[in-house]
Amino acid sequence: MGAPLLSVVIPLRNRSGVRLENCLRSLRWQEGVPGEDVEIVSSDFGSVPEHRDALQEAAKAHGATVYYTPTQGLWNRSRALNIGIKRARGQYTFCTDVDMVLAPTFFKTLLDTQEKLGGRGLLMCQCLDLGKETEGRVVDFADLESWKRSATYRSARGLGGCQCAETQWFHGVRGFDEKYTYWGAEDNDLARRAEKDGRVLEWITERTYMLHQWHPTAEFDRPWLVKKNRWRLKWTGWIVRKNWFGWGE
């Protein structure tokens, strides 16, 4: 079997159940892109056995591959993503989150846009937030448009739900900056680095959509780390190639 056209990388820890199933299901109801052209890579960064086993079952049901990293360290989304990116086989890598549900046109929009840009894009999409009342509910394909109408657009400052670029470019810049720990800023950092490196930053929001499943947030649990990440973005966001002592390991 040849290499896929698109690799989807999902970083996670202790995530299973309806939210995970909704996400994985949406990756397989895509239109216009054959399933064999898409690989799903789940980067499990230290899940406890209960969630780890459930993830393995869900991944098997949806044709995904799980790479498990044993760790009890602080959540590091950048490292979790990089572990997946280093193992991605596709021409393009699409980084997203386990909270997302994608429109059936999403993958085709990504690939058509990259073709238009000669493969030089870093593609982003502003997500639609579902309300708290939807927590724990199954997102069915047949009801997708009604779910969309009930959602509201999130501020465009949050880019983490969609970042798609050539896999070889991710390798060239050594992935996401792994000095960002716990929560936030690694997605904005990558966008700044991509722009400085000559990538075309392109929003695909008007051509397709993605829904963010509601869940409690840990964003404000460690405000000092959030502040540290913001300072790092301010002072190092212009550096294109990072992680000089190894990445995705």
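Start with Cys 23: its closest cysteine sulfur sits in Cys 162, 12 Å away, too far for a bond, given that a disulfide here is a pair of cysteine sulfur atoms within 2.5 Å. Cys 23 is buried, at 1% relative accessibility (buried is under 20% relative accessible area, exposed over 50%, partly exposed in between, with a 1.4 Å probe and protein chains only). Now select Cys 125, which also has Cys 162 as its closest cysteine by sulfur, at 5.6 Å, again too far for a bond. Cys 125 is buried as well, at 3%. The disulfide count comes to 0.

A word on ground rules. This is a predicted model, where local features need pLDDT of at least 70 and side-chain atom pairs count only at pLDDT 80 or more, while totals for chains, interfaces and linings use all residues. Residues are numbered from 1 along each chain as its sequence is written, and side-chain values use heavy atoms, leaving out hydrogens and water.

E6 runs parallel to strand E10 (residues 200–203), joined by 4 bridges (strands pair if DSSP finds at least two bridges between them). Leu 122 has Leu 201 as its bridge partner in E10.

On to the rings. There are 7 aromatic pairs, meaning Phe, Tyr or Trp rings (for Trp the six-membered one) with centres within 6.5 Å; planes under 30 degrees apart are stacked, over 60 edge-to-face and the rest tilted. Show Phe 94 and Phe 106: their centres are 5.5 Å apart and their planes at 35°, so this pair is tilted.

Last stop: which way do the rings of Trp 231 and Trp 235 pair? They are stacked, 6.3 Å centre to centre with 5° between the planes. Both sit in helix H8 (residues 223–236), 4 residues apart, about one helical turn. Trp 231 is partly exposed at 43%, whereas Trp 235 is exposed at 53%.

Technical notes:
Helices (H or I, at least four residues) and strands (E, at least two) are DSSP runs, numbered from the N terminus.
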